[in-house]
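Here's a short tour of a few local spots worth a look. Have the viewer ready and follow along.

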Amino acid sequence: MKAMRGARGLRGLRGLRGRPALGAVTVIGALVLTGCGGSDSGSSGSGADLSVDAAYIPQPVSDSMAAGFLTITNKGDAEDELTSVTSEAGDVTVHETVDGTMKEVDRLPIPAHGELVLESGGNHLMFEKLKQQPEQGQTVSVELHFAHSDPVTVELPVKAATYQPAHGHSGH
C-alpha cells in the first residue's frame, strides 16, 4: 500500500507507543478487515450495511488545517450514525453545514437504504492540528466510528486543491 512504503511508513508506526511490531500488526489487521479497495464495509450485524467510497482530501493551503470528503452508503435495513473520526494525522471533527453556516456536531445520520455525503460546501470532516501538511499523491488514514456498526478504516488520497470529483458526490 502506498502509505506504508519505505522508512516513512515505519516511522509512522513507531508513533504507536514506540512499538513498531505492534503498530505493524495493528495496521495489517485493519487492512485485512477493511481491504485496500475503494469500498470498505463496516457492518456488525446491526441491520446497517455500510460502505465508503469517493473519499479524498484536497491538498490543504494551510499547514494546520484540512477538509475531508467521502460518501457512506447504507444498504441495510437500519439507520446508523457517524459519531466520530480519528486519525494519526491530527484532530478530526465532523462538521455540518446548514444555510452556509458550518458547525461541529457529535453525529450525523446515515439513513437505512441511503447515504451520508460529506462534500465541499456541505457536511465534511475537518482536520486540525495536523502533524504535517498532506501533499498531493499521499494518503491520510482515518477511522470512522459509528453508533451501531464496527469502525471502518479508510485511506483518503490527497488530491489537488482544485480537485472536483467527476462522480461520487455530484448527483446526490
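Leaving aside neighbours within four places in sequence, which residues is His 95 in contact with?

## Around His 95

They are Met 102, Lys 103, Glu 104, Leu 108, Asn 123, His 124 and Met 126, where contact means heavy atoms within 4.5 Å. His 95 itself is found in strand E5, residues 91-98. Strands (E, at least two residues) and helices (H or I, at least four) are DSSP runs, numbered from the N terminus.

His 95 is buried, with a relative accessible area of 7%. For the cut-offs, buried is under 20% relative accessible area, exposed is over 50%, and partly exposed is in between, using a 1.4 Å probe and protein chains only. There's also a polar contact of 3.4 Å between the side chains of His 95 and Thr 93. That term covers a pair of N or O atoms within 3.5 Å; within protein, one must be able to donate a hydrogen and the other to accept it, and residues adjacent in sequence count only if both atoms are side-chain atoms.

## Ground rules

This is a predicted model, in which local features need pLDDT of at least 70 and side-chain atom pairs count only at pLDDT 80 or more, while totals for chains, interfaces and linings use all residues. Residues are numbered from 1 along each chain as its sequence is written, and side-chain values use heavy atoms, with hydrogens and water left out.

Searching the whole structure turns up two aromatic pairs. The rings of Tyr 56 and Phe 69 sit 5.3 Å apart at their centres with planes at 50°, so this pair is tilted. Rings of Phe, Tyr and Trp (its six-membered ring) pair if their centres lie within 6.5 Å; planes under 30 degrees apart are stacked, over 60 edge-to-face, and the rest tilted. Tyr 56 is in strand E2 (residues 50-58) and Phe 69 in strand E3 (residues 65-74), 13 residues apart. Tyr 56 is buried at 4% relative accessible area, and Phe 69 is buried too, at 6%.

Tyr 56 also forms an edge-to-face pair with Tyr 163, 4.8 Å centre to centre with 75° between the planes. Tyr 163 lies in the segment after strand E11 (152-159), so its pairing with Tyr 56 in strand E2 ties together parts 107 residues apart in sequence. Tyr 163 is partly exposed at 30%.
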